[in-house]
Every structure is written in structure tokens, then in C-alpha cells.
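Subject: Structure for your files

Hello,

Here is the structure I said I would pass on. Please open it alongside this message.

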Amino acid sequence: MKRFMKILLPFVLMMTIATPLNATTTTPPTTEETIANEEWTRFPLIAHGLGGIDGVDYTNSLEAFKVNYDKGQRLFEVDFSITKDGQLAARHDWMGYLATKFEQDIPAEKLEEPLTLREFKSYKILEDYTPLSFGDVARLSKQYPDVYFITDTKETDPELVKQQFTIIRDTANRVDPAILDRFIPEIYSPEMMEVVRGVFPFKHVIFSLYLTAMEPSEVVEYVQTNDVHVVAMPEERATKEFIQSLNDVGVLSYVHSLNKVRDVKKLMKMGVHGVYTDFLTYKDLGIDVAPLIAAGETPAGPTTVQSLTTVSAASSAPASETITQTVVTPPSAAPSTWEKFKLMISNLFTF
């Protein structure tokens with residue numbers, strides 16, 4: 001028996017110690033692993049411009065946020081533009097068409113230029129909706145701790161990018177530094193990534209393609225080598241081959257902006273993880289959002305991911321058109337390598 005143990009023990013040690021070392025980063029992460037690390041991606045819908053309200057999009061308003069939160073949205077994209085006095089307003093841009101769209105009586109000489117933050121907030125949207133500053137959004141983030149905000153800041157000039165994200169960092173720190181983990185910058189280029197990470201090392205980012213001409217192969221290589229796990233793109237760039245190549249390296253994709261159920265289901269069947277939308281809800285897609293929301297209420301710590309296909313009882317969608325959603329759940333306690341080793345040794349001595 002002793003001779004047998006002398007022969008076997010080195011092999012046991014090799015199996016229990018070397019195996020984890022061999023299982024290194026050569027294998028691309030799975031979708032489930034990415035979702036576990038990017039917990040916000042358990043939500044396949046992103047409310048575009050804080051979501052539509054009363055059939056109107058792009059308001060980025062307080063009321064739009066509240067209406068869509070009540071419909072189950074927890075992942076919100078919000079537009080930010082720099083004001084005349086160097087602040088951040090939740091405004092898509094400063095062109096005159098928005099004043100017309102929102103029925104705002106802005107003087108003609110100011111229609112095509114930034115307003116001051118005070119001026120911006122003085123003009124109600126469609127006479128009913130409340131315009132927001134970044135400070136307002138930061139306070140919403142503290143008030144609603146289950147919500148994530150994606151920032152669409154649009155600027156690519158390094159100095160403007162630095163100005164925007166310095167405001168975001170400093171304002172969030174004044175409200176509560178912890179909320180920065182729930183702000184997700186949209187990054188439009190490798191150069192912007194460098195500037196933003198120099199301002200603050202955000203926990204999450206999205207590499208957004210609508211302002212870059214990078215080829216699909218360049219995008220895949222970039223996200224792999226720069227620790228980026230999520231890519232967003234316009235619908236016309238979402239080819240089957242591109243989406244598959246992203247999935248193959250464990251990178252999730254969101255497509256913007258879609259408001260028809262059939263278009264969303266077509267893309268998700270192709271492998272797209274989620275979409276930006278103005279008006280669609282989880283109910284429209286036959287998805288029960290309750291487990292996705294509940295997953296965020298679990299204690300902090302490592303998570304495992306369980307994929308499931310769910311259609312709400314009220315949905316009449318055929319089984320072939322169901323949408324796969326992912327729920328992050330707490331793991332059961334797994335034995336450590338040392339515990340496994342001790343168990344194996346114990347079993348050997350019970351011969």
C-alpha cells in the first residue's frame with residue numbers, strides 16, 4: 001500500500017494543482033461568464049434617451065425615466081451635451097429641430113448654439129416634461145440603486161471628452177462615489193477609450209461603433225486586447241458573421257435603435273444580445289423581467305449564470321419566436337482545489 005501511495009501521490013498532486021494552472025485565459029469567455037462579470041447585461045433592453053413617453057422619443061426627461069422604470073426598464077441610455085457655461089445637459093444636441101420638436105420657445109438667435117444650464121432647464125419639454133442636468137441624473141442613480149445609466153456624450157475631440165468625463169467623475173463623487181460603478185460610458189474610438197480611462201477607470205464600458213469606420217475584424221481584435229466585453233452598433237452593421245465573431249470571443253452585442261418586435265426577434269435569433277429601444281417593453285417581447293430585476297437584489301459576490309427561455313403567460317408568441325434571457329443567480333459554495341486534494345487523499349487512505 002505504501003509503495004502504491006508513493007507512486008500515485010505525485011500524479012494526484014499534478015492533477016489537483018496543475019489542472020487549474022493549465023485552464024488559463026487561452027479559452028475565450030462564454031456569454032454566461034461575460035454576463036456574470038458585466039452584471040448589467042442581464043437586461044437585454046436599453047431605454048434609448050431615457051425611453052419614449054407619450055409617443056415622443058429623445059426627451060431625456062425625468063418623466064420619461066419614471067414612466068419607463070415603472071414598465072420594468074433598468075438599463076437607460078441618456079444623451080449629454082456640453083452647455084454654454086461648461087456643464088452637462090441631458091440633451092441630444094443643440095440644433096434647432098429639437099426646440100421645434102419639443103415646442104420650446106427658444107429665441108431664434110439661440111436655436112443653433114448651446115444654452116447655459118440655467119436656460120436649458122428653464123424650457124419645459126412639450127410644456128410637461130422636466131429637462132435634466134448630469135447632476136440630476138447622478139441623484140437619480142443614488143435614488144434608484146437598481147438602475148444603470150449609459151452615457152452617450154457624442155464628442156470625439158480629446159479635450160471635450162476629458163471635460164465631459166471630468167464633470168461626470170466629479171459630480172458623481174459629490175453625490176456618492178459608489179454610483180460611478182453604474183455609469184457606463186459609450187466609447188467611440190480607441191483614442192477616446194484612452195482619454196476616458198485616464199479620467200476615471202470605469203468598471204464598465206461599451207464600445208460603440210456609430211462614429212467609427214473600423215472593420216469588423218479590427219473591432220474584434222481591439223475589444224479582445226483591451227478588456228472590452230460589450231459592443232453597440234447600428235442595425236446596418238449587425239451582420240450574422242460579425243455578431244458570431246464577437247460571440248466567439250465572449251463579447252456581447254447591442255443594436256440600436258429598434259421599435260418593432262419582429263426586428264428585435266430577428267436580431268436576437270442571429271445572436272445579438274440586446275437592443276436599444278424607444279418604446280418596446282419586456283412585456284411586448286414576452287419576457288418576464290421580474291427575475292432579471294430580482295437578480296440584482298442578491299448579496300454581492302461571485303455569481304453564476306443560468307440561461308432560460310421565458311415567454312409571459314399573456315404572450316401569444318409562438319415558441320420559435322421566444323427570446324432567451326439570462327438570469328444571474330448566486331452560486332452554491334464550490335470546494336477549493338485544496339479541499340478537493342484533501343478529499344482525494346482521504347479517499348485513497350480508506351482502501
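What follows is a summary of what was found, from the whole chain down to single residues.

This is a predicted model, so residues are numbered from 1 along each chain as its sequence is written, and local features need pLDDT of at least 70, while side-chain atom pairs count only at pLDDT 80 or more. Totals for chains, interfaces and linings use all residues, and side-chain values use heavy atoms, with hydrogens and water left out.

Overall

The chain has 13 helices and twelve strands; these are DSSP runs numbered from the N terminus, helices being H or I with at least four residues and strands E with at least two. Of its 351 residues, 48% are buried. Here buried means under 20% relative accessible area, exposed means over 50%, and partly exposed is in between (1.4 Å probe, protein chains only). A contact means heavy atoms within 4.5 Å. Counting contacts between residues at least 6 apart in sequence, 60% join residues at least 24 apart.

Cores

A nonpolar core is a set of buried Ala, Val, Leu, Ile, Met, Phe, Trp, Tyr and Cys residues joined through side-chain atoms within 4.5 Å. The largest one has 87 residues, and Phe-149 and Phe-207 touch the most other members. The helix that gives the most to this core is α7 (residues 158-175), with five residues. Another core, of eight residues, lies apart from it and includes Ala-89, Leu-115, Leu-117 and Tyr-123.

α7 against α8

Two packed helices are described by the angle between their axes and the distance between the axes. For α7 and α8 the angle is about 35 degrees and the axes are 9 Å apart. (Axes are lines fitted to C-alpha atoms, for helices over the stretch in contact; angles run from 0 to 180 degrees between N-to-C directions.) On the α7 side the contact is made by Pro-158, Val-161, Lys-162, Phe-165, Thr-166 and Arg-169, and on the α8 side by Met-192, Val-195, Val-196 and Val-199. These divide into seven nonpolar, one polar and two charged residues, where Ala, Val, Leu, Ile, Met, Phe, Trp, Tyr, Cys and Pro count as nonpolar, Asp, Glu, Lys and Arg as charged, and the others, Gly among them, as polar.

Helices with a buried face

In α3 (residues 62-70), the buried residues are Leu-62, Ala-64, Phe-65, Asn-68 and Tyr-69. Seen down the axis, they fall within an arc of 165 degrees, so they line one face of α3. (The arc is that of the directions from the helix axis to the C-beta atoms.) Their cover includes β2, α6 and β5 (148-152). After α3 comes Gly-72, with a positive phi near 105 degrees.

In α9 (residues 216-225), Val-219, Val-220, Tyr-222 and Val-223 are buried. They too lie within an arc of 165 degrees down the axis, so they line one face of α9. The face turned away from that buried side carries the exposed residues Ser-217, Glu-221 and Thr-225. Among the elements covering the buried residues of α9 are α8 (190-199), β7 (206-208), β8 (230-234) and α10 (240-248). Asp-227, which follows α9, has a positive phi near 55 degrees.

In α10, the buried residues are Phe-242, Ile-243 and Leu-246. Their arc around the axis is only 95 degrees, which puts them on the same side of α10. Lys-240 and Glu-241 are exposed on the other side. The buried residues of α10 pack against α9, β8, β9 (252-256) and α11 (261-270). Gly-250 follows α10 and has a positive phi, near 75 degrees.

Single residues

Phe-76 is in strand β2 (residues 75-79) and is buried, at 0% relative accessible area. Its C-alpha atom is 6.0 Å from that of Ile-150, 74 residues away along the chain. Beyond its neighbours within four places in sequence, Phe-76 has contacts that include Ile-46, Phe-65, Tyr-69 and Phe-149.

Ser-141, in helix α6 (residues 134-143), is also buried, at 0%. Leaving out residues up to four places away in sequence, Ser-141 touches Phe-149, Ile-179, Arg-182 and Phe-183.

Asp-57 lies in the loop between β1 (45-47) and α3. At 18% relative accessibility, Asp-57 counts as buried. Asp-57 touches Gly-52, Lys-101, Phe-102, Asp-278 and Phe-279, again not counting residues up to four places away in sequence.

Regards
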